[in-house]
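Colleague: Thanks for making time today. Could you walk me through this one, a question at a time?

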Amino acid sequence: MADKTVSAELARRGMAVALRAGIGGEQFQRLTGIAPHSVVQVDGRIAGSRYLAMLNLLDRLAEPGDLVVPEGDICWSEPFATKIAIVSNAPNLLAAFDHCIAYRPLIGEVDAMSFKRAGDDFEFEFRLDGEARTALMALNSLKGIVQLAQVYRGAGLAQPLIELTGAEPPAWRRLLRGVPCPVRFGQARNRLRFSAPRAQEPYAQYNPMLYQLFRNKADADMRALRQRDSFYARVEDFLAGLMLREQQQVSDASDVSPWAAPSRVLLATCQQFGLSRSALHRRLQKEGSHFQDIYTRVRLAEAKRLLMLDQACLFDISDRLGFSSASVLTRFFSQQTGMTPSHFKSRHCPL
């Protein structure tokens, strides 16, 4: 938790909710550790522990506040504006779900949210972090998934159901205004289940130019955020840069890609950060990560980037990324994403 941060915009919204409930700025700072001046800083970040203290305070209010999609044009302030622009203008609903998870760190990732898919059936899970938490924050975020699906007209959800842990908190219905979704409390997990038969249908209002514009901005913001917040991110950024530089170089056809041998990439990483292999592994383990996970993530990201190029050939991609064959790449890609490379390409490169 010490390494986690959220956008100061969330703290600003939380302070506004507290003020409406009669909690003054000084009292808010005493209870949460969040100073009033810190919530108005452009691109500011708030420590995850202080953000959790704020959530615990807000959860005890008689009228809970909506931090995710508040009323009025405040929802278009940064970093919400960029993420909303991406997830509401994706090629289809399935891509929007992917982006909703991928770009969560821009706003804050103290809690964890993930989803899995089996055919037309989806399940989003929200895992709370920290003590003394209620399920209201999970309800806020899961409700946002339902609202996102409503944006993609014609790709509506069938039989949506939100399940939440713990007892029914007061005034929770206020958070679900305008969202037709039943809620059950006292469940084992915080999750949303539904069926979306048309999640892969092209979105009629999809604008490729604006979509790519906002994705480029979000990716730049994510890189800057990762560089500041964790060693894991610094390692990932180094590997991503190494991968990109190698892709831009014209190499001899007989050369074997270094990505076929993780040990060579690991050695280059150790040299970059001036660490032994054991020291590098210890640094990553402190953040709950492993080098192989980062290696896999970067390799997968580059595979996705190459697949989205019009001239991309699966055989060439497998060679460039160090896979022994196109079938091995296909198996790797399917295991990591749940879809084949051809399905990914058709989904993200609509005709």
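Colleague: What share of the contacts in the protein with a separation of 6 or more comes from residues 24 or more positions apart?

Modeller: Happy to start there, with the reminder that this is a predicted model. Contact here means heavy atoms within 4.5 Å. Of the contacts with a separation of 6 or more, the part made by residues 24 or more positions apart is 68%.

Colleague: And what percentage of the residues is buried?

Modeller: The protein has 351 residues, with 14 helices and seven strands among its elements. Taking buried as under 20% relative accessible area, the buried share of those residues is 47%.

Colleague: Let's look at α6, then: how many of its residues are buried?

Modeller: Helix α6 runs over residues 136–151 and spans 23 Å from first C-alpha to last, close to the expected 22 Å. The rest of the structure largely encloses α6, because its buried residues number 13 of the 16.

Colleague: Are α1 and α3 roughly parallel or roughly antiparallel?

Modeller: Good pair to pick! Helix α1 (residues 8–20) and helix α3 (residues 48–59) pack with their axes 11 Å apart, at an angle of about 30 degrees. Angles under 35 degrees count as roughly parallel. That angle therefore makes α1 and α3 roughly parallel.

Colleague: Which residues of α3 make that contact, and is the crossing left-handed or right-handed?

Modeller: The crossing of α1 and α3 is left-handed. On the α1 side, the contact uses Leu10, Ala11, Gly14, Val17 and Ala18. Facing them from α3 are Tyr51, Met54 and Leu58.

Colleague: Where do the buried residues of α9 lie around its axis?

Modeller: Helix α9 covers residues 262–273, and its 17 Å reach is close to the 16 Å expected. Its buried residues are Val265, Leu266, Thr269, Cys270 and Phe273. Viewed down the axis of α9, they fall within an arc of 140 degrees, so they line one face of the helix.

Colleague: Last one: which residues of α10 touch α9?

Modeller: Helix α10 (residues 277–286) packs on α9 at about 85 degrees, with the axes 10 Å apart. The two helices are therefore roughly perpendicular to each other. From α9, the contact takes in Ser263, Leu266, Leu267, Thr269 and Cys270. From α10, the partners are Arg277, Leu280 and His281.

Terms used:
Residues are numbered from 1 along each chain as its sequence is written. This is a predicted model: local features need pLDDT of at least 70, side-chain atom pairs count only at pLDDT 80 or more; totals for chains, interfaces and linings use all residues. Side-chain values use heavy atoms; hydrogens and water are left out. Helices (H or I, at least four residues) and strands (E, at least two) are DSSP runs, numbered from the N terminus. The expected span of a helix is 1.5 Å times one less than its number of residues. Buried means under 20% relative accessible area, exposed over 50%, partly exposed in between (1.4 Å probe, protein chains only). The arc is that of the directions from the helix axis to the C-beta atoms. Axes are lines fitted to C-alpha atoms, for helices over the stretch in contact, and angles run from 0 to 180 degrees between N-to-C directions. Angles under 35 degrees count as roughly parallel, over 145 as roughly antiparallel, 65 to 115 as roughly perpendicular and the rest as oblique. A crossing is left-handed if the near helix is turned anticlockwise from the far one by less than a right angle, and right-handed if clockwise.
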